[in-house]
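Colleague: I'm new to this model and would like a close look at one chain. Could you walk me through it slowly?

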Amino acid sequence: MALRELKVCLLGDTGVGKSSIVWRFVEDSFDPNINPTIGASFMTKTVQYQNELHKFLIWDTAGQERFRALAPMYYRGSAAAIIVYDITKEETFSTLKNWVKELRQHGPPNIVVAIAGNKCDLNDVREVMEKDAKDYADSIHAIFVETSAKNAININELFIEISRRIPSTDTNPASSGKGFKLRRQPSVTKRSCC
Amino acid sequence: MAADVHKKKSWEVPNGSLAPGDGQHTERSESPTPGLAQGTEPGAGQEGAMFVHTRSYEDLTSPEDGAAAARSPEERRGEPAEQSSMEQISKDFSELSTQLTGMALDLDEEMRAGKEGKLEPSPQTARRDSVLSGKEEEDVTMDAWRSHRKHVFVLSEAGKPVYSRYGSEEALSSTMGVMMALVSFLEAEKNAIRSIHADGYKVVFVRRSPLVLVAVARTRQSEQEIAHELLYIYYQILSLLTWTQLNHIFQQKQNYDLRRLLAGSERITDNLLDLMAHDPSFLMGAVRCLPLAASVRDAVSSSLQQAKAKSLVFSILLSGNQLVSLVRKKDQFLHPIDLHLLFNLISSSSSFREGEAWTPICLPKFNSSGFFHAHISYLEQEMDLCLLLVSTDREDFFTVSDCKRRFQERLRRRGVQHALHEALRTPFYSVAQVGIPDLRHFIYKSKSSGLFTSPEIEAPYVQEEEKERLLGLYQYLHSRAHNSSRPLKNIYFTGPRENLLAWVTNAFELYVCYSPLGTKAGAINAVNKLMKWIRKEEDRLFILTPQTY
């Protein structure tokens, strides 16, 4: 079976649940007292998609202001970017729009953008309407899902949708990215035990 | 006089290494004497030091009244612009303090400009998200807030709050304004406020332009020691931003709200303050090693040494806040303060538990103007063994990540994993192993290696307050021994609940706690026995053969 490496980065405001989404996807676990990510965190997970194996190389970036300047290092050369907002915090949706703008200007031209409205289990304190977010996502041709890392809602679906949207050409989009070095060296075959 | 030695310039070895010359280590004596040369005391490295040599306590406090501060601007300008990396490192501290003093000279001007922005309420909403930092903000008008033993505040020269240990910064903006007013009032008179002592409280000020750090403490620490802790907080902030960036920001905009950039890092600073209250590493200015059989440690170190990459500067393996192994690039030395900041970073966040982290970090004592990039990961899920690989290249993640894989592979091949697991199960040793009945606890620091050893704190120091009280006693002895106007070499302290002894020489520092029933003569005899024991166990308790790439 063919193995494709897909570089995916997560972007979004601090505290929206980027790491929780990754943990749920990779480890199927959830920690309500998770600490803010420092710098960026790298994890991988391989899933089968149709007759291919998709190995997601996931860069979970820190949402804090002081790491803001590092983001290009992670979205450059990415096949997909998951931009996360918190449905209970209007301002995180504004931050998301800024990320979309930045990706348009500086990101790879064919990057698949996915918008994840996280914490959908907290519907009663919702500030961002699902329809508004969906309309916005449609207007920029982005994938849209509301997720809950806590209750494992739509997490796997989000990544399946990314697999589906990635152009099925044999050229690996992750390896075409503008002299970007943050990608797996060919010699590395397996991720070590943690 | 031992005390005078500290003051002599010649005492500083130019290359930062205080390893004994060839042949000297064959003369390692059975039991050290006060005249013991540095580099031959128990715990001294045999093949070179791991750290930049530091006078620890004095190193931190000296800029206030040290030689560097007294130099004239002409002399400063006369310094060569470019230095070799070796000189750079050994001069690192004096350089830094020189720069800071340079800033302070232009103070009046800065202050006048700075005052305009003072007391201006912050337009920003609270950046410290209680969900993120995991704690609720306290009401600063409540008695509970007032009753904390040590408050720490950081503010900008414009009087803007940057950090408060307890309570939200917004609620404290007027308090911080008053603090800044006090500082600038005295500085207008070409004077400096250092501390206020009143009603059992010590209010200590440390000025590191563009920041002002203030502690309000009712602990028994000396003013010097509180200032030392504040400097750690200052270095902690530098490790997140670099000195260059911090200064650049405030040059651009004097009333900048620094909390924007520090958002999410409060827990790191909080953790550092908590750690300093119970870990003697900070007081000693030294690093504690995980007790480990020399053969196992050597195998770990050489595995680490072989898993090198071009961009790697330091490979550090640690467990809890104890060092397992450290491999460094030849000619590059880490400062214990930088290592403490790294330890603190790792212990302050659970986010390193999963995956591989890659983060920019400034090691302010090594180079306060730039970032390194640290690869941080735990070796195995259930084991408290964290690997830290410090690289100079921010795009080198996968190369560095591969070093980790190679290290683990070598570790497996050498078959030392089991022994390492065993050692992690008993990360501390019992004082009973020494075999001195009256001995309760001790701290022994080898000055040349920058390492110290200390047994587990056992009964009667079981409760947290008791542990802190014991550390408080050590702090007291330490401050007496290192008092800048009247340093002491030997102290015997008789208290109602324990007797303590301190012995400070050129080569080592020893602090011992005995039961209150013993005699002074007994205590002195016990010290000789203890020193023999440390010598016997030194290859397990210290890293005697540090490796380089």
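Colleague: Which residues of chain B does UniProt list for "domain: FUZ/MON1/HPS1 second Longin" (unreviewed entry)?

Modeller: UniProt lists residues 310-408 of chain B, in an unreviewed entry; such annotations, placed here in our numbering with shortened feature names, may be inferred rather than shown by experiment. Bear in mind that this is a predicted model, where local features need pLDDT of at least 70 and side-chain atom pairs count only at pLDDT 80 or more, while totals for chains, interfaces and linings use all residues. Residues count from 1 along each chain as its sequence is written, and chains are lettered from A and ligands numbered from 1 as written.

Residues 310-408 of chain B are 25% helix and 34% strand, with end C-alpha atoms 19 Å apart (helices are DSSP runs of H or I with at least four residues, strands runs of E with at least two, numbered from the N terminus). The unreviewed UniProt entry also puts "domain: FUZ/MON1/HPS1 third Longin" at residues 438-538 of chain B. That span is 37% helix and 29% strand, and its end C-alpha atoms sit 22 Å apart.

Now for a sheet in chain B. Five strands make an open, antiparallel sheet, ordered β2-β1-β5-β4-β3 (pairing takes at least two DSSP bridges). From one strand to the next, the twist averages 10°. Inside that order, β4 (residues 201-208) and β5 (residues 211-217) of chain B pair antiparallel over 7 bridges. One of the residues involved is R208(B), whose bridge partner in β5(B) is L211(B).

Next, a helix pair. In chain B, the axes of α10 (residues 223-241) and α13 (residues 266-278) come within 10 Å and cross at roughly 150° (axes are fitted to C-alpha atoms, for helices over the stretch in contact, with angles from 0 to 180 degrees between N-to-C directions). That's why α10(B) is roughly antiparallel to α13(B): over 145 degrees counts as that, under 35 as roughly parallel, 65 to 115 as roughly perpendicular and the rest as oblique. The contact involves E229(B), Y232(B), I233(B) and Q236(B) from α10(B), with I268(B), T269(B), L272(B) and M276(B) from α13(B) (contact means C-beta atoms, placed from the backbone, within 7 Å). By class, this contact of α10(B) with α13(B) has 5 nonpolar, 2 polar and 1 charged residues; Ala, Val, Leu, Ile, Met, Phe, Trp, Tyr, Cys and Pro count as nonpolar, Asp, Glu, Lys and Arg as charged, and the others, Gly among them, as polar.

Conventions
Contact = placed C-beta atoms within 7 Å.
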